[in-house]
Every structure is written in C-alpha cells, then in structure tokens.
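These are my notebook entries on a single protein chain. I set down what I looked up, one topic at a time.

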Amino acid sequence: MIGKPTDLNNLHLAVLIDADNVPHSCIRGVMEEIAIYGTPTIKRIYGDWTSPNVGGWKPALLEHAITPVQQYGYTTGKNSTDSAMIIDAMDILYSDKTDGFVLISSDSDFTRLAIRLREAGQKVIGIGERKTPNAFIVACDKFIYIEVIRDHQRSLGKGCDIAPKKSGKTPKEEKIFEAPTGKALDPTQLIADTIADIADHEGYAFLGELGNLLLKKQPDFDARNYGFQKLTPLIKSIPRFEIDVRQTRDANIKHIYVRDTEA
C-alpha cells in the first residue's frame with residue numbers, strides 16, 4: 001500500500017446540484033467521484049421541476065436518493081435557482097453537520113459562496129463542465145471537470161451520454177499536455193516549481209504533500225486532464241522527474257518521493 005495522506009478525504013459532505021447548469025447524464029459517475037472524498041450526508045438538487053428543461057434529471061433522483069428542491073423562475077431572465085442553493089448552503093453551514101460542500105454547477109454565480117464556505121473552514125469541491133469560469137474554479141479547494149468523469153466512466157464501460165467535442169485531432173495528437181480550453185498547458189513547470197517549494201536538502205518532495213500543494217496552487221489540477229489516472233504515473237511520464245519509493249517501518253506501507261533532476 002502506498003501512503004497518501006490528504007486533507008480531502010473522509011468528509012461529511014453536502015452535495016448541492018444546480019440542475020440548470022450541469023448535464024444529468026453522468027450523475028452516476030459524479031456520485032462515484034464524490035465518494036472518493038467522503039460521505040454525502042445531504043444531497044439536494046435545485047431547479048424548476050415544472051419545466052421540461054430539467055425533465056432528464058427526474059429518473060436520477062430516486063436512483064441516487066437526491067432530494068429535489070422546487071424553485072420557480074419568478075423573473076424572466078433571472079436564475080432563482082442560484083439564490084435558493086446559496087440560502088440552503090448557508091443554512092447547512094450553520095447547522096454544523098458537514099465538513100465540506102460539493103457544488104455541482106458551471107455557473108460563476110457560486111464563486112462568492114465557495115469563498116464564504118472556505119472562510120468558515122469548510123472544504124469545497126466544485127464539479128462542472130470545462131466552460132466553467134476560472135473565478136469559480138479557483139474559489140474551490142478542488143475542481144473536477146465533468147468531461148474527465150465522463151471519459152473515466154467510458155473507459156470502465158459505463159454509460160455516459162455527454163457528447164465529446166470534436167477537435168479534428170487524432171487521439172495521439174490529443175493525448176497529453178493539452179489544457180481543457182485547448183491551449184497548451186504543460187504541467188512540467190508547475191510540478192517543478194512545487195517540488196522546489198517543499199523539497200528537503202536532497203531535493204526530494206513527498207508525493208502526498210506535493211499533490212496537496214498542487215491543488216492549492218491550481219484547484220483544477222488533475223492527472224486525468226493529461227491522460228493519467230493518478231499523479232504518480234503522470235510524473236513518471238516526464239523524464240525530468242525522478243521517483244524514489246521508500247519503505248516505512250510498516251512492511252505494507254511505502255512512501256513516494258519526487259526529485260527534479262534539473263534543479
């Protein structure tokens with residue numbers, strides 16, 4: 001077993017879903033992703049359930065025990081779902097029943113909510129599509145793209161109906177180091193800089209600490225964005241970095257350290 005301490009696991013979570021701004025087709029994968037970080041003790045979804053626009057969500061509510069919250073659109077052009085979700089989030093916060101929140105939306109209107117929840121000591125995980133504005137992404141402790149969850153579900157042979165965007169590139173051309181927006185995003189320098197921040201006198205950084213700091217610097221950092229399931233194989237794929245696996249006193253536990261050979 002590889003030791004991997006993190007401050008984003010075993011949390012009691014409130015899961016709040018904006019039905020107007022996320023697709024329903026990958027909800028199974030989303031809930032499985034949330035289970036990695038803790039137990040969703042509260043699960044609510046917000047929308048105008050008299051509208052046909054959210055009809056696709058209804059079969060998922062019973063399957064995943066998600067409580068629908070009715071919110072009528074009182075004013076044309078205004079998203080009242082946002083207000084209902086924000087008010088509920090603050091009520092839950094002051095009930096002192098959670099360690100963190102999962103905000104499932106691609107809407108930047110929840111940026112201030114994420115900031116406020118973190119100010120109160122709650123962990124905030126955001127889940128949304130790649131079109132999500134950066135302001136909301138960086139306001140979270142961690143942000144996960146629904147497209148990444150979709151691709152993982154498909155690799156496991158599970159259904160997920162979000163249509164992937166066609167880029168015109170071959171799979172080989174799309175493989176690694178391409179940002180969600182399509183612009184180049186080589187993670188090498190980010191990883192190297194982060195190793196330098198926490199390296200010991202021999203230049204080695206503990207992988208668990210490295211992963212936590214990468215998320216603090218860039219909340220949407222995820223090895224799956226680059227075609228890898230975990231951080232370790234991503235780092236191993238970059239020749240610049242050296243991996244050192246160290247045995248602990250417990251024969252079943254090993255710690256991984258990383259060094260930048262160009263430092």
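Entry 1: a pair of strands. I looked up strand β8, residues 241–247, and found that seven bridges pair β8 with β9 in the antiparallel sense. I note here that the model is a predicted one. The two strands β8 and β9 make a hairpin, and six residues lie between them.

Entry 2: I then turned to strand β7, residues 204–206, which is joined by three bridges to β9, residues 254–260. The strands β7 and β9 run antiparallel. Opposite F206 I found Y257 of β9.

Entry 3: the sheet as a whole. In what order do the three strands of the open sheet stand? I read the order as β7-β9-β8, with antiparallel pairing. β7 and β8 are at the edges and have a single partner strand each, so one side of each has no neighbour in the sheet. From one strand to the next, the twist averages 35°.

Entry 4: a helix on the sheet. I looked up helix α9, residues 207–217, and saw that α9 lies across β7 and β9. The helix α9 runs at about 75° to β7.

Entry 5: the nonpolar cores. I recalled that in soluble globular proteins, nonpolar side chains tend to be buried together. Which residues of the largest nonpolar core touch the most other members? They are I17, I34, W57, I104 and I127, out of 26 residues in this core. I listed the elements that give two or more residues to the core: the strands β1 (11–18), β4 (100–104) and β5 (123–128), and the helices α1 (27–37), α2 (58–63) and α6 (146–155). The largest share, five residues, comes from α1.

Entry 6: I examined the contacts of I34, leaving out residues up to four places away in sequence. I34 touches L13, V15, P40, V102, I104 and I127.

Entry 7: another core. I also recorded a second, separate core, which has 25 residues. Among them are M85, L113, A139 and C140.

Conventions: Residues are numbered from 1 along each chain as its sequence is written. This is a predicted model: local features need pLDDT of at least 70, side-chain atom pairs count only at pLDDT 80 or more; totals for chains, interfaces and linings use all residues. Side-chain values use heavy atoms; hydrogens and water are left out. Two strands pair if DSSP finds at least two bridges between them. Helices (H or I, at least four residues) and strands (E, at least two) are DSSP runs, numbered from the N terminus. A nonpolar core is a set of buried Ala, Val, Leu, Ile, Met, Phe, Trp, Tyr and Cys residues joined through side-chain atoms within 4.5 Å. Buried means under 20% relative accessible area, exposed over 50%, partly exposed in between (1.4 Å probe, protein chains only). Contact means heavy atoms within 4.5 Å. Axes are lines fitted to C-alpha atoms, for helices over the stretch in contact, and angles run from 0 to 180 degrees between N-to-C directions.
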